[in-house]
Amino acid sequence: MNTTARVTMADVAQAAGVSVATVSKVVNNKDGISPARTAHVRRIIDEMGYAASLGAQSLRSRSTGVLGMLVAEFEPFSTELLKGASRAIKATEYELLAYSGRSHSAPEDGWERRHLARLSGALIDGAVIVTPSGTETIFPVPVVAIDPHLDTDALPTVRCNSYDGAFQATSYLAELGHTKIGYLGGRSDLKSSQERELGYRDALLNAGIAVNDAYIGQGDYLPEASQAPAREILSREDRPTAIFAANDLSAIEVIKVAEELGLNVPRDLSVIGFDNVPEAALFRIPLTTMAQPLGEMGEIALNMLAKIISGEEVETQVLLPVELVVRDSCAPPQHRAQ
């Protein structure tokens, strides 16, 4: 593979016939260089594609002009948040760096601190962290968290109302006539997952339906982790007629398992998810789900971070509503012969 060496300030100086000091002054908008010479040097810079490294820039100005968005991995949830952040960055003077330091889907606790240790100071001025797992509230650069594990007001946070969304989802299934409603939860250590299970349980009680723990499984928000508990729940002789899954990817996996067991969705089993990632609408059985405003969450978090860095007053605890999106994966229960 052929690679091109990085253009240096010395390369620009040689091509322009000036000193390195002159190029440095032009790059850093310093006085003392004539307009004609400045224009000449800038033309050479453009032709050669020179760009100052972020590390060198930060050493000079103590600012990189870059905001980071840190995720444990790039999957549909974080990708939708990133789209929102990328829209918001256009209205600022910053650039956006998306970063994931892991290559598999089981991030260990505190991964965000290791990421920030690599990036803060030299590469980014602040970061939006998606579902940080640690207990830290103090970081080397300003931070805004989206859906953090930690339940605290000390960390600027953007999240959706997981409890209300789960309550709505379960209530919708009950209103369709289901009385045997299962739940496939997310990560037990994640605040949003805890709130969704509580919303599920409270909605059942509100509908006069007893909670059956045999209908509850743990999918960790991961498709591969959802298969076994979904199969166990759906293989029961007295299986549920509906399942609420804590995120869309798990809900889609529930449908796949149901079909492997010979069940028809939604005739034999209704399934509802949470998030409204693009895969929910594009799946062969379009998924009914609770829609988080993921793009808006990314935009709000990015804007919050930029304002915090600039010293502006800003609301640092944002809780957004969710909305039921009805598609094809839910229907009233069918009578089953005993």
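Modeller: Before the helices, one convention: axes are lines fitted to C-alpha atoms, for helices over the stretch in contact, and angles run from 0 to 180 degrees between N-to-C directions.

Biologist: Fine. What kind of model is this?

Modeller: This is a predicted model, where local features need pLDDT of at least 70, side-chain atom pairs count only at pLDDT 80 or more, and totals for chains, interfaces and linings use all residues. Residues are numbered from 1 along each chain as its sequence is written, and side-chain values use heavy atoms, with hydrogens and water left out.

Biologist: At what angle do α1 and α3 cross?

Modeller: Roughly 120°, with the axes of α1 (residues 9-16) and α3 (residues 35-48) coming within 10 Å. Helices (H or I, at least four residues) and strands (E, at least two) are DSSP runs, numbered from the N terminus.

Biologist: Which residues of α1 and α3 meet?

Modeller: On the α1 side, Asp11, Val12, Ala15 and Ala16. Their partners in α3 are His40, Val41, Ile44, Ile45 and Met48. Contact here is heavy atoms within 4.5 Å.

Biologist: Changing topic: how many aromatic pairs are there in the whole structure?

Modeller: The search finds 4. One of them is Tyr183 with Phe244, with ring centres 5.4 Å apart and planes at 45°, so this pair is tilted. Rings of Phe, Tyr and Trp (its six-membered ring) pair with centres within 6.5 Å; planes under 30 degrees apart are stacked, over 60 edge-to-face, the rest tilted.

Biologist: Where do Tyr183 and Phe244 lie?

Modeller: Tyr183 is in strand β6 (residues 181-185) and Phe244 in strand β8 (residues 242-245), so their pairing ties together parts 61 residues apart in sequence.

Biologist: Are those two buried or exposed?

Modeller: Tyr183 and Phe244 are both buried; the cut-offs are under 20% relative accessible area for buried, over 50% for exposed, partly exposed in between (1.4 Å probe, protein chains only). Phe244 also pairs with Phe274, centres 6.4 Å apart and planes at 45°, so that pair is tilted as well. Phe274 lies in strand β9 (residues 270-275), so the link with Phe244 in β8 spans 30 residues in sequence.

Biologist: Which residues do ring pairs link into a cluster?

Modeller: Tyr183, Tyr200, Phe244 and Phe274. Phe274 has a relative accessible area of 0% and is therefore buried.

Biologist: And Met290, buried or exposed?

Modeller: Buried, because its relative accessibility is 0%. Met290 belongs to strand β10 (residues 288-291). Its C-alpha is 4.5 Å from that of Phe274, 16 residues apart along the chain.

Biologist: What else is Met290 in contact with?

Modeller: Leaving aside neighbours within four places in sequence, the contacts of Met290 include Gly165, Gln168, Ala169, Ile272, Val322 and Leu324.
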